[in-house]
Amino acid sequence: EEEREKGHTAVDNSTTEEEVTTAKDTAIEEINKVTPKTIEEELQEAKDKAKEEIDEAAEEKKKEITDRTDVSDEEKEKAIEKVEEEREKGKEAVDNSTTEEEVEEAKDTAIDNINNIVVNPSKGNEAILMGGTAAISNKVQGKLTKYDTVRRVFGADRYGTAIAASKEMYKTGAKTVVIASGQQFSDELTATVYANIIDAPILLTEKGSIAQKTITEIERLGAKNIIIIGGDAVISNGVQSRLSKLGSVRRIVGADRYSTAVKIAKEIQKEVGTISEVALVNGTNFPDAISMTSYAVDRKIPILLTEPAKLNSNTEKLVNEWKVKDVKIGGGEVAVSKAAEKKLTAKGITVKRFMGADRYGTSVAVARALNLDAKNIVIASGENFADAVVGAPLAAHKGYPIVLVKQNAIPDSVNGYLNK
């Protein structure tokens with residue numbers, strides 16, 4: 001169509017019959033040259049691009065390793081050898097792919113494997129950053145000078161980051177795996193306490209399909225018990241069917257995120273017995289929920305959700321049923337209203353808020369409430385939930401506090417905590 005229009009224009013602009021003929025012949029010649037790419041050519045183009053991206057990831061990782069000042073030259077050499085191994089394995093997998101979808105999957109797996117190579121520090125304390133530089137910039141990383149080791153746990157996307165965290169936590173495998181939505185933060189966060197109690201990683205999926213790299217991680221773990229958080233509105237029956245080929249599958253599901261949190265709470269009760277204390281957070285926003293996971297895991301108590309303006313009816317029903325005596329609220333009155341708090345205190349319940357001037361201050365308030373210093377720390381984005389929510393189970397597993405930062409700055413409240 002482009003050549004047709006160009007030819008028409010050239011003909012219209014001609015001033016002699018000879019020019020008309022020349023313009024016509026040129027246009028027809030150019031039209032006849034046009035041929036569509038074959039499927040094989042498109043596939044090869046996708047492979048070439050994928051291998052370039054793998055090379056870029058490998059070179060970035062090698063530079064990161066080389067720049068480390070807390071690692072011996074011997075450890076650096078070992079790590080760089082692993083990078084080269086994963087680079088070659090990835091490019092080979094790309095070459096062996098027969099569709100563009102397989103190429104994309106092979107590329108993402110290779111980049112995740114490269115990024116997940118851990119370089120053991122000679123000694124000292126560590127700060128783990130959740131996500132790449134789009135979540136937490138190198139500028140922020142450069143300010144964490146008190147730590148002997150500063151490293152990132154991340155993948156090509158949120159699903160890859162969850163896999164990276166799983167590999168970090170469960171190097172030798174796990175009997176059970178929890179599957180949560182990568183598109184609804186609340187299910188993963190309310191499941192964090194339960195997953196920690198039953199010693200299971202949390203992996204993420206899209207609603208309609210589960211990535212092959214996530215299937216591969218479940219196979220690596222050797223997990224034969226698979227627990228899906230949420231109904232088919234968040235994780236489809238098709239995904240459940242795919243998972244059933246790997247082991248036994250069951251769902252923990254309520255009518256909405258609030259009732260799903262209640263269902264998870266009841267699963268926690270089965271594991272730990274009587275519960276008289278719960279954590280309560282805003283079910284419509286993620287930062288305070290991330291911060292509260294450290295406290296809830298330490299106390300082995302469920303995280304319940306509420307609307308900001310009023311106490312959710314499903315949550316209230318469980319509080320009444322369990323005769324809860326203590327409620328710890330994550331966040332200020334904008335996150336969980338005074339009206340919701342009053343409804344609890346009217347029942348004779350002791351309520352305490354963990355809050356700061358903002359989400360960053362709240363994350364510090366929770367860490368201080370646990371008397372956790374910042375010797376070792378997980379740092380997550382307070383602006384983008386995708387990688388941040390994966391940090392909650394990782395911090396819980398390691399027993400580290402988790403604090404939030406901006407992409408390009410460490411808020412004063414967090415900075416004061418980190419450097420105290």
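Start with the largest nonpolar core: select L144, I179, L243, V327, I377, I379 and L418, which touch the most other members among its 109 residues. A nonpolar core here is a set of buried Ala, Val, Leu, Ile, Met, Phe, Trp, Tyr and Cys residues joined through side-chain atoms within 4.5 Å. Buried means under 20% relative accessible area, exposed means over 50%, and partly exposed lies in between (1.4 Å probe, protein chains only). Helix α16 (residues 385–398) gives this core its largest share, seven residues. Helices (H or I, at least four residues) and strands (E, at least two) are DSSP runs, numbered from the N terminus.

A word on what's on screen: this is a predicted model, where local features need pLDDT of at least 70 and side-chain atom pairs count only at pLDDT 80 or more, while totals for chains, interfaces and linings use all residues. Residues are numbered from 1 along each chain as its sequence is written, and side-chain values use heavy atoms, with hydrogens and water left out.

Now zoom in on I377. Leaving out residues up to four places away in sequence, I377 touches E126, A127, I128, Y147, Y400, P401, V403, Y417 and L418; contact means heavy atoms within 4.5 Å. There is also a second, separate core of 18 residues, and A50, A110, I111 and I114 are among them.

Follow A110 into helix α5 (residues 100–115). The buried residues of α5 are V103, A106, K107, D108, A110, I111, D112, I114 and N115. They pack against α3 (39–67), α4 (73–95), α7 (158–169) and α9 (212–221). Try the distance tool on the end C-alpha atoms of α5: they are 23 Å apart, which agrees with the 22 Å that its 16 residues should span at 1.5 Å a residue. (The expected span is 1.5 Å times one less than the number of residues.)

Next, show α3 and α4 together. Their axes come within 10 Å and cross at roughly 175°, so the two helices are roughly antiparallel. Axes are lines fitted to C-alpha atoms, for helices over the stretch in contact, with angles running from 0 to 180 degrees between N-to-C directions. Under 35 degrees counts as roughly parallel, over 145 as roughly antiparallel, 65 to 115 as roughly perpendicular and the rest as oblique.

For another pair, pick α8 (residues 185–197) and α11 (residues 257–272). These pack at about 0°, with axes 9 Å apart, and are therefore roughly parallel. Residues in the contact include F185, Y194 and I197 from α8 and R257, I264 and V272 from α11.

Step into the loop between α8 and β4 (202–205) to find D199. D199 isn't a glycine, yet has a positive phi of about 60°; at 44% relative accessibility, D199 counts as partly exposed.

Then jump to K323, in the loop between α13 and β9. Phi of K323, also not a glycine, is positive too, near 55°, and K323 counts as exposed at 66% relative accessibility.

Is T315 buried or exposed? T315 lies in helix α13 and counts as buried, at 1% relative accessibility. Beyond neighbours within four places in sequence, T315 is in contact with V262, L280, L304 and L305.

Last stop: helix α14 (residues 338–345), where A340, E341 and L344 are buried. Look down the axis of α14: the buried residues fall within an arc of 100°, so they line one face of the helix. That arc is taken from the directions from the helix axis to the C-beta atoms. Their cover includes β7 (277–282), α13 (313–322), β9 (326–330) and β10 (350–354).
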